[in-house]
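This briefing is intended to be read alongside the sequence and the three-dimensional structure. The points below are grouped by topic.

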Amino acid sequence: MKLQNIAKSKILNYKIRNNKIRNKTSYWFKYIRVPLPLLGFCFCMMLVSGCKSSQPIQKSGFYFDTIITVTLYDSTKTDELEHCFQLANTYEQYFSAKRPDSDISSINQAGGKPVQVHDETRELIEKGIAYSARSDGKFDLTIGKLTKLWDFQTDTPTLPDADKIANAVKTIGYENVQIRGNEVTLLNPDIEIDLGGIAKGYIADKMKEYLISKNITSGMINLGGNVLTIGEKQNGDAYTIGLQKPFDQTGTAIASVKIKDQTVVTSGTYERYFKQDGILYHHILDPKTGYPYDNELSSVSVICKHSVDGDALSTTCFALGLEKGMAFIESLEDTEAVFITSDQKMHYSSGIGNKIPIQKIDP
């Protein structure tokens, strides 16, 4: 089955080289590997009904270390399309720990003093705390110092010093984040918040919320693997979303799922990793040990209503492993998942195949 009929949740595979970017556009074309450059566009063309107003319009930009692409199926909605990227820019200024003037950087640099933040930052931190508690710390928003040690975006990533990892682990603890109104205080001043695990999902949800308020009923938002659909296709059909085959350098999909007004979010070891002394180190880190999880999983794709939930759940379920992660998914309403183990076998939650149609793709 050819991939030009599939909108993949992992369309863009990128490699970031620090301090070599003069602007976001040149960065994209110089360093991003797009195995199937026309994949998303071909899928969009397949959706249109033929009338002039339903011709797709699309825009991409670089935010939060990833490519964001928004596609709308109404050519009159150019202002709304532009506003989505204004939202992305605003939220990056609020949430990015890499921006020295962001809300998160202000909290991390405050030495334990209260910091006044924007409403959206407070809301996202609250969600991060809730999921940290729900996962018993397997997802933890205070992992900032640890993630800084593991630089998967450099040209030559290496294993961090063991003592530095141990010291970073000591700073992790979501219980030490206090919120009173819009004031955020780190009760342990050594803690650093990192919202990278859920920020993309939150931004996607906010974009969708805005577009719906503008009477847009059909479209797709892709934030570097967080695919969120608005409604259904204009002909009433579901969207077809591909699940990437782990470690396949051509961008091949291993399967596709059909969704309406839902999101597909994937956490996978193949997204960012390096090998040293024959050992693969990936970016999904265990806050308890400081090292990547080692549980024979290659990826977890979660299908649910809200992308911020999918973000947190895909990481949490990966951390739990196949058996416990699957049990966790089965305990949730309107939530399904596809687990891919290191032997390339797929494992489905009970709703996959009936509530959520799935089709394996021949190699």
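The model is a predicted one. Its chain has 363 residues, of which 54% count as buried, and its secondary structure comes to nine helices and 19 strands. Among contacts with a separation of 6 or more, 62% are between residues 24 or more positions apart.

- Helix 7 spans residues 162-170, and I165, A168 and V169 are its buried residues.
- Viewed down the helix axis, the buried residues of helix 7 fall within an arc of 100 degrees, so they line one face of the helix.
- The cover over the buried residues of helix 7 includes helix 6 (144-149).
- The N-terminal end of helix 7 is capped by D161, which places a side-chain oxygen 3.0 Å from the backbone nitrogen of D163.

- Three strands form an open sheet in the order 6-8-7, and their pairing is antiparallel.
- The edges of this sheet are strand 6 (115-116) and strand 7 (177-180); each has a single partner strand, so one side of each is left without a neighbour in the sheet.
- Strand 7 and strand 8 (residues 183-186) run antiparallel and are joined by four bridges.
- R180 has E183, in strand 8, as its bridge partner.
- Helix 5 (residues 119-134) packs on the sheet and touches both strand 7 and strand 8. The direction of helix 5 makes about 135 degrees with that of strand 7.
- In general, the strands of a sheet pair through backbone hydrogen bonds, in either a parallel or an antiparallel manner.

**Aromatic pairs**

- The structure holds 14 aromatic pairs.
- The ring centres of Y63 and F85 are 6.3 Å apart and the ring planes are at 40 degrees; planes under 30 degrees apart would count as stacked and over 60 as edge-to-face, so this pair is tilted.
- The pair of Y63 and F85 links distant parts of the chain, since Y63 belongs to strand 4 (residues 57-63) and F85 to helix 3 (residues 78-95), 22 residues apart. Both Y63 and F85 are buried.
- For F95 and Y202, the ring centres are 5.6 Å apart and the planes are at 80 degrees, so the pair is edge-to-face.
- F95 lies in helix 3 and Y202 in helix 8 (residues 199-213), so their pair ties together parts that are 107 residues apart in sequence.
- F95 is buried, with a relative accessible area of 1%, and Y202 is likewise buried, with a relative accessible area of 2%.
- Elsewhere, W150, F152, F274, Y281 and Y291 are linked into a cluster by ring pairs.

**L320 in helix 9**

- L320 is found in helix 9, which covers residues 307-330.
- The relative accessibility of L320 is 24%, and this residue therefore counts as partly exposed.
- Leaving aside residues up to four places away in sequence, L320 touches K138, G325 and F328.
- L320 and F139 are 181 residues apart along the chain, and their C-alpha atoms are separated by 10.0 Å.

Conventions: Residues numbered from 1 in each chain as written. Predicted model: local features only at pLDDT ≥ 70, side-chain atom pairs only at ≥ 80, totals over all residues. Heavy atoms only, no water. Buried < 20%, exposed > 50% of the residue type's maximum accessible area, 1.4 Å probe, protein only. Helix = DSSP H or I, 4+ residues; strand = E, 2+ residues; numbered from the N terminus. Arc of directions from axis to C-beta. Contact = heavy atoms within 4.5 Å. Polar contact = N/O pair within 3.5 Å; in protein donor to acceptor, adjacent residues only side chain to side chain. Pairing = 2+ DSSP bridges. Axes fitted to C-alpha atoms, helices over the stretch in contact; angles between N-to-C directions. Phe/Tyr/Trp six-rings, centres within 6.5 Å; stacked < 30°, edge-to-face > 60°.
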